[in-house]
Amino acid sequence: MSAAHDHHHGPAKGISRWLFTTNHKDIGSMYLWFSFAMFLLGGTFALVIRAELFQPGLQFVEPNFFNQMTTMHGLIMVFGAVMPAFVGLANWMIPLMIGAPDMALPRMNNWSFWILPFAFAMMVSTLFMEGGGPNFGWTFYAPLSTTYGPPSTTFFIFAVHILGASSIMGAINVIATILNMRAPGMTLMKMPLFVWTWLITAYLLIAVMPVLAGVVTMMLFDIHFGTAFFDAAGGGDPVLFQHLFWFFGHPEVYIMILPAFGIISAIIPTFARKRLFGYDSMVYATASIAFLSFIVWAHHMFTVGMPLAGQLFFMYATMLIAVPTGVKVFNWVATMFRGSMTFETPMLFAIAFVVLFTIGGFTGVMLAITPVDFQYHDTYFVVAHFHYVLVPGAVFSIMAATYYWLPKWTGYMYDETLGKLHFWLSFIGVNILFFPQHFLGLAGMPRRIPDYALQFADFNWISSVGGFLFGFSQLILLFVIIKCVRGGKKATAQVWEGAQGLEWTVPSPAPYHTFETPPDPTLIKAQ
């Protein structure tokens, strides 16, 4: 074989390997690195916010730039950090968990990743445009975003369209893979829960991303083509925007937590060395949460003046979600109960998830109660609530998954001491950061403001200290990952005591074929 021939048909080298890859592991890794970069960028924006709020008065940034920071922080964390991280984990793990050679649609898989860096480059570039970037909150309520938004809003709309296209393609790929490519004998009710949660999440994505695409298209028409969907002066309705946005936005927040439930349901049984308690009820609870997520959207809108019947319906429907969620928490605790627990880094993040996510759930039930929501609405209490769900919830679960699967991904063991250090600094930091915000909100401090009255100074000072502690702790995670990828102690075949499949209870020889390396003939004879 000639060298030239080999050059064209050998394994792709250098940049083309990453640019043109259809390998689910490569694509999963790119999603994870991209989401980590976005996590650090969105976190930097958050630290600008916390630096400004360290003291009352205006210190560092103009109010308009402060609003751009709150908006971009939310958009980047939701669409750039949390969602691509879960898609990266899905790409890496779903084929391995169901015994498939790759994702069902590998070329589309490549495209759904590669459009993301360009979408976010465009979105972040708006900060440097005339009039600045989006300054209307990550929820981009009209007419603030249409009639009164900066000129760069059009680029923001295009970026959101691209992100939505990526999500829809990723979801189609997940569904096609899970429904068509499971190994013989793997029925739906034998799938790992991470696969189940992602299957349900993918259906949510396909249902709601077109709604987001529709509402940003209506914005585009209001801005450029003389329509008045959201303009009362032209016969439109600003509240229509809120209905459309939250019909997407509420299922969206469940899209950001259901895969986390799947991750935690894999980690807790491993380190408790017990089978997951209540597998079937976990599947049904996940499906119930997904269904209910579609009929609760207007609990974000109790203050718009909806009819009493509407308020009652959305209050009861929202409180109902606490039931299947409580079933899940019960099952995780029951799995740990009387288990032979050890406390490696993934387990620490998983236990912190259960405790802190539950706090976020309780404050969510508080917000669901319509009459008191009038007091909580648009205060820091809401900020505290959703950050307790999204940071110790979604983000901690992604970190838990990273520590849990790094040995599988790299073949090397990460540094356990540094992992525990990262956990404890993050755990302490996140609580110092967000717990005082409950008190600020109940005391009446409104959200999305660069300045505040003197009585809020102490809790803001504490919150900002927690924010910088949590933010800089993430550099330890970056170091741990790079160190692990570069080598070190080899991960054994039974890393985590081989507890993933509970092999520790029944010793058995390792399978002779992993489908990654050619089988060893001597082992085949032995078996």
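The following legends describe close-up views of a predicted model.

**View 1. Packing of helices α11 and α12.** Helix α11 spans residues 308–320 and helix α12 spans residues 322–336; their axes lie 5 Å apart and form an angle of about 10°. The two helices are therefore roughly parallel to each other, since angles under 35 degrees fall in that class. The contact brings T318, M319 and L320 of α11 against A322, V323 and P324 of α12. Five of the contact residues are nonpolar, one is polar and none is charged.

**View 2. An aromatic pair between helices α9 and α13.** The model contains 48 aromatic pairs. In the pair formed by F261 and F353, the ring centres are 6.3 Å apart and the planes meet at 85°, so the arrangement is edge-to-face. F261 belongs to helix α9 (residues 258–272) and F353 to helix α13 (residues 345–368), so the pair joins parts separated by 92 residues in sequence. F261 is buried, at 1% relative accessibility, and F353 is buried as well, at 0%.

**View 3. An aromatic pair between helices α13 and α15.** F349 and F396 form an edge-to-face pair, with 5.1 Å from centre to centre and 90° between the planes. The pair connects distant parts of the chain, F349 in helix α13 and F396 in helix α15 (residues 380–410), which are 47 residues apart. F349 has a relative accessible area of 0% and is buried; F396 is likewise buried, at 0%.

**View 4. An aromatic cluster.** One cluster of aromatic residues is formed by F79, F136, W138, F140, Y141, F156, F229, F230, F241, F245, W246 and F248.

View 5. The structure holds four salt bridges. In one of them, the side chains of D378 and R447 meet at 3.9 Å, N to O. D378 lies in the loop between α14 (370–376) and α15, and R447 in the loop between α16 (416–442) and α17 (457–486), 69 residues apart. D378 is partly exposed at 37% relative accessible area, whereas R447 is buried at 17%, because the limit for burial is under 20%.

View 6. The side chains of D415 and K483 form a salt bridge of 2.9 Å, N to O. D415 is in the loop between α15 and α16 and K483 is in helix α17, so the bridge ties together parts 68 residues apart in sequence. D415 is partly exposed, at 23%, as is K483, at 38%. K420 pairs with E416, their closest N and O atoms being 3.4 Å apart. Both K420 and E416 lie in helix α16, four residues apart, about one turn of the helix. K420 is partly exposed at 28% relative accessibility, and E416 is partly exposed at 22%.

Note on methods:
Residues numbered from 1 in each chain as written. Predicted model: local features only at pLDDT ≥ 70, side-chain atom pairs only at ≥ 80, totals over all residues. Heavy atoms only, no water. Axes fitted to C-alpha atoms, helices over the stretch in contact; angles between N-to-C directions. Parallel < 35°, antiparallel > 145°, perpendicular 65-115°, else oblique. Contact = heavy atoms within 4.5 Å. Nonpolar A, V, L, I, M, F, W, Y, C, P; charged D, E, K, R; others polar. Phe/Tyr/Trp six-rings, centres within 6.5 Å; stacked < 30°, edge-to-face > 60°. Buried < 20%, exposed > 50% of the residue type's maximum accessible area, 1.4 Å probe, protein only.
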